[in-house]
Amino acid sequence: MNGKYLAVFEDGSSRGSRRWVYCVELIQEGAHITGSTAVDGKEFVIEAMLHWQEHISGIIFAAERGEDWMYGVFLHKVEDEVWEGSCSLYAGRDFGFTIERISLVRSLDLSLEPPSEREVQELRWIIDAQIGRGYVEVEQLRDPLRLIYAGKFYDTVVGVGMGKLFPVSTLLERLQLEDAAAISQLEQLGRIGLIETVATAPGYEGFGIGCQVTTKLITELEARGAGFFVVIAWKSPDRGVHIGGILDRLGFSAVAEVPEFWREDSLARHTCCSYCGSPPCTCTAVIYTRSVAGSTLATPLLLKTLHYL
């Protein structure tokens with residue numbers, strides 16, 4: 001039971017079914033389970049016991065004094081890393097007791113769909129929090145020429161993916177190349193699929209969300225004719241390449257590193273990197289590529305095309 005789980009609370013009252021999803025951190029020592037979670041910015045403590053490796057009973061209560069609601073939780077193991085059961089909520093003298101359903105899961109299958117107008121604002125918040133304020137504008141998240149997906153677990157938006165398709169003919173018009181070999185290299189690619197942004201909502205890291213979002217973008221871009229993929233991945237000193245592990249598993253190769261890749265853009269657009277803070281951003285970009293049909297692109301030419309993608 002050690003590690004991060006998602007707790008799904010479901011209210012099946014006469015008002016209609018509603019769900020809330022929270023990330024919980026659990027530690028098991030013998031049969032004793034402790035943990036914590038946050039609800040509306042407030043910290044809550046979990047104290048529970050594991051019975052016969054198949055049942056959990058415990059309570060969830062506020063860490064601060066003065067909060068007068070508490071859950072009693074009873075769960076049984078359905079399969080590996082999946083627990084289901086019920087909980088009784090005492091919400092103080094004004095609310096009394098209510099009974100709700102609860103699930104505890106270690107992995108999740110996302111619903112990946114284009115965002116609604118309300119969800120566009122949630123995607124912007126995720127990107128601002130995880131990558132940097134101003135890195136993506138709302139208008140970009142509404143762009144009909146881009147592939148944009150909101151990753152949802154039940155009704156909670158937990159991830160975002162952005163990508164777009166570039167015909168090589170458009171690139172050739174912008175590049176104005178005279179080198180016949182370079183033109184030939186580009187022409188054999190057909191269309192380039194650019195994965196622009198992949199981000200996971202704060203607190204939901206470690207559940208495979210980034211991998212599912214990236215896979216969805218690759219699948220949809222390839223279905224639209226992409227024969228060559230490019231990802232400009234963010235590298236920070238403390239965490240390394242942020243989606244490097246995902247890209248390695250999906251068959252991408254790192255072909256170049258570009259120091260201070262976003263420096264000029266951050267100064268021009270006044271974006272605030274989540275690592276560097278106020279501009280300029282001095283983070284390094286790692287360029288990853290993957291070919292569908294074995295075609296390649298020389299690194300100098302690839303770096304030149306990045307300014308036009």
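Contact here means heavy atoms within 4.5 Å of each other, and by that rule T214, leaving aside its neighbours within four places in sequence, is in contact with I195, V198, I246, L247 and L250. This is a predicted model, in which local features need pLDDT of at least 70 and side-chain atom pairs count only at pLDDT 80 or more, while totals for chains, interfaces and linings use all residues. Residues are numbered from 1 along each chain as its sequence is written, and side-chain values use heavy atoms, with hydrogens and water left out.

**T214 and its helix**

- T214 is found in helix α5, residues 209–223, where helices (H or I, at least four residues) and strands (E, at least two) are DSSP runs numbered from the N terminus.
- T214 counts as buried, at 0% relative accessibility; buried means under 20% relative accessible area, exposed means over 50%, and partly exposed lies in between, with a 1.4 Å probe and protein chains only.

**Helix α1**

- Helix α1 covers residues 117–130, and its 14 residues reach 21 Å from the first C-alpha to the last, close to the 20 Å expected at 1.5 Å a residue, the expected span being 1.5 Å times one less than the number of residues.
- The buried residues of α1 are E119, V120, L123, I126 and I127, and they cover an arc of only 120° around the axis, which puts them on the same side of α1; the arc is that of the directions from the helix axis to the C-beta atoms.
- On the other side of α1, R118 and W125 are exposed.
- The buried residues of α1 pack against β10, α2 (138–141), β11 (147–153), β12 (156–167) and β13 (191–200).

- G132 lies in strand β10, residues 132–133, and takes a positive phi of about 160° just after α1.
- At 3% relative accessibility G132 counts as buried, and, not counting residues up to four places away in sequence, G132 touches I127, C272, C273 and S274.
- The C-alpha atoms of G132 and G240 are separated by 17 Å, with the two residues 108 apart along the chain.

**Aromatic pairs**

- A search of the whole structure finds five aromatic pairs, for which rings of Phe, Tyr and Trp (its six-membered ring) must have centres within 6.5 Å, with planes under 30 degrees apart counted as stacked, over 60 as edge-to-face and the rest as tilted.
- F153 and Y154 form an edge-to-face pair, 4.9 Å centre to centre with 65° between the planes; F153 counts as buried at 8% relative accessibility, whereas Y154 counts as partly exposed at 39%.
- F229 and F252 also form an edge-to-face pair, 6.4 Å centre to centre with 65° between the planes, and this pair links distant parts of the chain, with F229 in strand β14 (residues 228–236) and F252, 23 residues apart from it, in the loop between α6 (244–249) and β16 (253–258).
- Both F229 and F252 are buried.
- Ring pairs also link F9, Y22 and Y71 into a cluster.

**Cysteines**

- A disulfide is a covalent bond between the sulfur atoms of two cysteines.
- The structure holds zero disulfides, a disulfide being counted as a pair of cysteine sulfur atoms within 2.5 Å.
- The sulfur of C276 is 3.6 Å from the closest cysteine sulfur, in C283, and is therefore too far for a bond; C276 is partly exposed, with a relative accessible area of 27%.
- The sulfur of C211 is 18 Å from the closest cysteine sulfur, in C23, which is also too far for a bond, and C211 counts as partly exposed at 23% relative accessibility.
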